[in-house]
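Student: I would like to go through the terms used for this structure and check each one against its cut-off.

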Amino acid sequence: MSKLIFERSVPGSGAFSLPEGDVPPVELKDSLQGFLRESDPILPEVSEVEVVRHFTELSQKAFGVDSGMYPLGSCTMKYNPKINEWAARLPGFADLHPDQPEETVQGALELMYELEKMLCEITGMERFTLQPASGAHGEMTGASLIKAYHEQRQDFQRKKMVVPDSAHGTNPATAHMLGFEVIEVKSNDRGLVDVDDLRSLMSDQIAGLMLTNPNTLGLFEEEIAEISAVVHEAGGLLYYDGANLNAIMGVARPGDMGFDIVHLNLHKTFSTPHGGGGPGSGPVGVKDFLAEFLPVPLVGKKDGQYFLDYNLSHTIGKVQSFYGNFGVMVKAYAYIKALGGRGIKEACQHAVLNANYIRHNLREYYEIPYDRLCKHEFVASAIKQKKENGVTALDVAKRLIDYGYHPPTIYFPLIVDEGLMIEPTETETKERLDDFIKAMQEIARESKENPELVKDAPAKTPIRRVDEVTAARQPILKWG
Ligand SMILES: *Cc1c(COP(=O)(O)O)cnc(C)c1O
């Protein structure tokens, strides 16, 4: 085990040198009476080279898209072109202060204005707020819009939110947090929303339906026009969870399918590194009739000048300090501009082709419950391995680590037993896909011939199987 940075600490060593202050010092003691800590914080004292070694070592232990393929379904762990980082770090963007007067940040406002327009074009929506900081935060914003819309119409009894049984956990969690009663709509035997079941749930108490398309099985909801009609006829709104947009961007648009509200995950579809907690961005787009409910401010343009527009008649208020995670917006802008309309479409088509290529090559080795043309991801199952040799989806996932791959998402969606949700993304080469397929086939063979090997995996990592329950329930987050 390597040392923690605290354990590397040697009193008296240090690695910082600050410039001379160019403003007069301020004594905080009086104004912050009672709020100041009584003793200095215990900080590690480490020389510069030791700091560099510490973080280099951590970076080498961590697995990321830059170290290997990361087929973590639903998360769209695509490669993020480095030029987007360059763009986000340009001093004219990175050194801005959010309190600067509008006339001094015209470039930044223009970028936000243009990004909003591009997201509208890609999704078929009419206005976007860029404030939400994640997909879940976007859902919260979107569900708040649904609530505000019904309340503004004095339609107070609409308290039920419909969510499919294949939904991502954030959908029901969001609806619940906002006080909606969560109603589950069943999937049919093709893995799609059961439209008859949906119809039977409709009433004047329905606030809306939260849906992702393609769904979490990677399957396109073919009856989306009918689904949309059923919900709208009952007076509900249609919410699009855009986490799977990589599967349709440039080819189909949620706005054209009948969705009223969408959130996007810029950190999934539009090329910002993610995992480990951010920063992310979950813009929310709406059709015109909901634009007046959006959070303030939006970015407007008048007489060639960009401005922050706080003038929305039914706004739900602010959902984020200042204007959102601006650096992520810059990366999305750079990514979309670099790809252009044709590139966006091609990226989507490659993502879909790659997923189908893997699915096709694994079907003889793993059960694939809904085995037909998928979009950007598909769900395999280790049910055969479990029945025959006691090898579970978790074991397969752990063994993949030994082969140099990040595991896929497992045990999700809940409607698949021993699920392995595989999303290769468009940025993997055919050689890499072949190598991944070989690893998965090899693990299927090992499961038969030497199941203990798979059940004991990973064998090649510094730490073998961790006690994940204890790690989640009693995490040790503090040194001491
Ligand atoms: C990732 C994801 C979300 C939540 O997005 P976060 O940015 O992680 O909060 C919601 N729905 C689906 C289908 C997702 O894959």
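**Terms and cut-offs**

Tutor: The structure holds zero disulfides, a disulfide being a pair of cysteine sulfur atoms within 2.5 Å. This is a predicted model, in which local features need pLDDT of at least 70 and side-chain atom pairs count only at pLDDT 80 or more, while totals for chains, interfaces and linings use all residues. Residues are numbered from 1 along each chain as its sequence is written, and side-chain values use heavy atoms, with hydrogens and water left out.

Student: What makes Cys348 and Cys374 buried or exposed?

Tutor: Buried means under 20% relative accessible area, exposed over 50%, and partly exposed in between (1.4 Å probe, protein chains only). Cys348 has 2% and is therefore buried; Cys374 has 1%, so Cys374 is buried too.

Student: Which residues are around the ligand, and what makes a residue count as near?

Tutor: One of its heavy atoms must lie within 4 Å of the molecule. The residues around the ligand include Ser74, Glu139, His168, Asp241, Asn265 and Lys268.

Student: What is the distance from a ligand nitrogen to the side chain of Asp241, and what makes a pair a polar contact?

Tutor: A polar contact is a pair of N or O atoms within 3.5 Å; within protein, one must be able to donate a hydrogen and the other to accept it, and residues adjacent in sequence count only if both atoms are side-chain atoms. The nitrogen of the ligand is 2.5 Å from an N or O atom in the side chain of Asp241. Ligand oxygen atoms are 2.9 Å from an N or O atom in the side chain of Asn265 and 2.8 Å from a polar side-chain atom of Lys268.

Student: Which element gives the largest share of the shell around the ligand?

Tutor: H5 does, with three residues.

Note on methods:
Helices (H or I, at least four residues) and strands (E, at least two) are DSSP runs, numbered from the N terminus.
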